[in-house]
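Colleague: I have a new model open and would like to learn how to read it. Can you take me through it feature by feature?

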Amino acid sequence: MSVLFITGTGTEVGKTVVTAAVAALAGPSVAVLKPGQTGVAVGEPGDAAEVVRLAGPHVATAELARYPEPLAPDTAARRSGLPTLGPDAVAKTVADLAAEHATVLVEGAGGLLVRYDEQGRGMAEMAAATVALGVDVEFLVVVTAGLGTLNTTALTLEALRARGLRTRGVVIGSWPEDADLAARCNLADLPSVAGVPLLGALPAGSAAEGGAPFHAVARASLAPALGGVWDAAAFAARHTPGATPVG
């Protein structure tokens, strides 16, 4: 049984595409839980539906709360007059899914410390509540490629360690076709700053097509620890820039 909480260093970093890529390689017994979906009206396809479009219909999905405005879940719930989502309800659902599936992926909203309820509790508290039920949990952190990612990555990993939560690694959610100097240097710097392995880099535009093409991209872009064949050292060697002469 494997339970991965997938969070990011912020919003729009590629969490859903990474979740779909991990699900695509996880085998036939995989479930994806989106605890709180924001910015999507009732009846519209949300992130869970996008995972199925990309990874395939074998992925079981669940969603516990939905709020129409694209805001933090606590704020969106308050503005819509709908109930907030507490960690205990999420933990119970994760435990139930884990009893029936070999892999469970829990995709958060925004970053790690985004609030889901009035007490300010979020993904970290959901994971802790799941551990309290006897379910082993790890985090996967989705990060950006370029300038600024070292700081946001370090802050996220520091927050996870402070709460006693384990992290399997980090994945770059969108690797640009023409990576700039900062992005290329970050291939070496990210694992050092994070203190965990770099486990993949999905190319920009990976979500253009689902099914077999997406499975091929996922396999080529994720490391063996996530079911793929991507090699961090080889990828960095291809992209690491030479030093600029001084003087």
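Modeller: Start with a helix on the sheet. Helix α6, residues 149–162, lies across β1 (2–8), β5 (138–143) and β6. Its direction runs at about 165° to β5. Keep in mind that this is a predicted model.

Colleague: Which strands does helix α7 touch?

Modeller: Helix α7 covers residues 181–194 and packs on the sheet, touching β5, β6 and β7. The direction of α7 makes about 165° with that of β6.

Colleague: How do I read the sheet itself?

Modeller: The general idea comes first. Strands of a sheet pair through backbone hydrogen bonds, either parallel or antiparallel. Here the sheet is open and has 7 strands, in the order β3-β2-β4-β1-β5-β6-β7. The pairing is parallel.

Colleague: Which strands stand at the edges?

Modeller: β3 (60–67) and β7 (198–203) do. Each has a single partner strand, so one side of each has no neighbour in the sheet. On average, neighbouring strands of this sheet are turned by 20° against each other, direction ignored.

Colleague: How many bridges pair β6 with β7?

Modeller: There are 3 bridges, in the parallel sense, and β6 spans residues 167–175. To find one of them, go to V170, whose bridge partner in β7 is L198.

Colleague: What should I look for when two helices pack?

Modeller: Two packed helices are described by the angle between their axes and the distance between the axes. Take helix α4 (residues 87–98) and helix α5 (residues 123–132). Their axes come within 8 Å and cross at roughly 50°. α4 and α5 are therefore oblique to each other. The crossing of α4 and α5 is right-handed.

Colleague: Which residues make that contact?

Modeller: From α4, P87, D88, V90, A91 and V94; from α5, E125, M126, A129 and T130. By class, the contact of α4 with α5 has 6 nonpolar, 1 polar and 2 charged residues.

Colleague: At what angle do α1 and α8 cross?

Modeller: Roughly 95°, with the axes of α1 (residues 15–25) and α8 (residues 212–221) coming within 9 Å. That makes α1 roughly perpendicular to α8; the class runs from 65 to 115 degrees. In α1, the contact uses V17, A20, A21, A24 and L25. In α8, it uses F214, H215, A218 and R219. By class, the contact of α1 with α8 has 7 nonpolar, 1 polar and 1 charged residues.

Colleague: And the backbone angles? What is the phi of E12 near?

Modeller: First, the general rule. Most residues other than glycine have a negative phi. Phi of E12 is near 60°, a positive value in a residue other than glycine. Look for E12 in the loop between β1 and α1.

Colleague: Is E12 buried or exposed?

Modeller: E12 is exposed, with a relative accessible area of 75%. The cut-off for exposed is over 50%.

Terms used: Residues are numbered from 1 along each chain as its sequence is written. This is a predicted model: local features need pLDDT of at least 70, side-chain atom pairs count only at pLDDT 80 or more; totals for chains, interfaces and linings use all residues. Side-chain values use heavy atoms; hydrogens and water are left out. Axes are lines fitted to C-alpha atoms, for helices over the stretch in contact, and angles run from 0 to 180 degrees between N-to-C directions. Helices (H or I, at least four residues) and strands (E, at least two) are DSSP runs, numbered from the N terminus. Angles under 35 degrees count as roughly parallel, over 145 as roughly antiparallel, 65 to 115 as roughly perpendicular and the rest as oblique. A crossing is left-handed if the near helix is turned anticlockwise from the far one by less than a right angle, and right-handed if clockwise. Contact means heavy atoms within 4.5 Å. Ala, Val, Leu, Ile, Met, Phe, Trp, Tyr, Cys and Pro count as nonpolar, Asp, Glu, Lys and Arg as charged, and the others, Gly among them, as polar. Two strands pair if DSSP finds at least two bridges between them. Buried means under 20% relative accessible area, exposed over 50%, partly exposed in between (1.4 Å probe, protein chains only).
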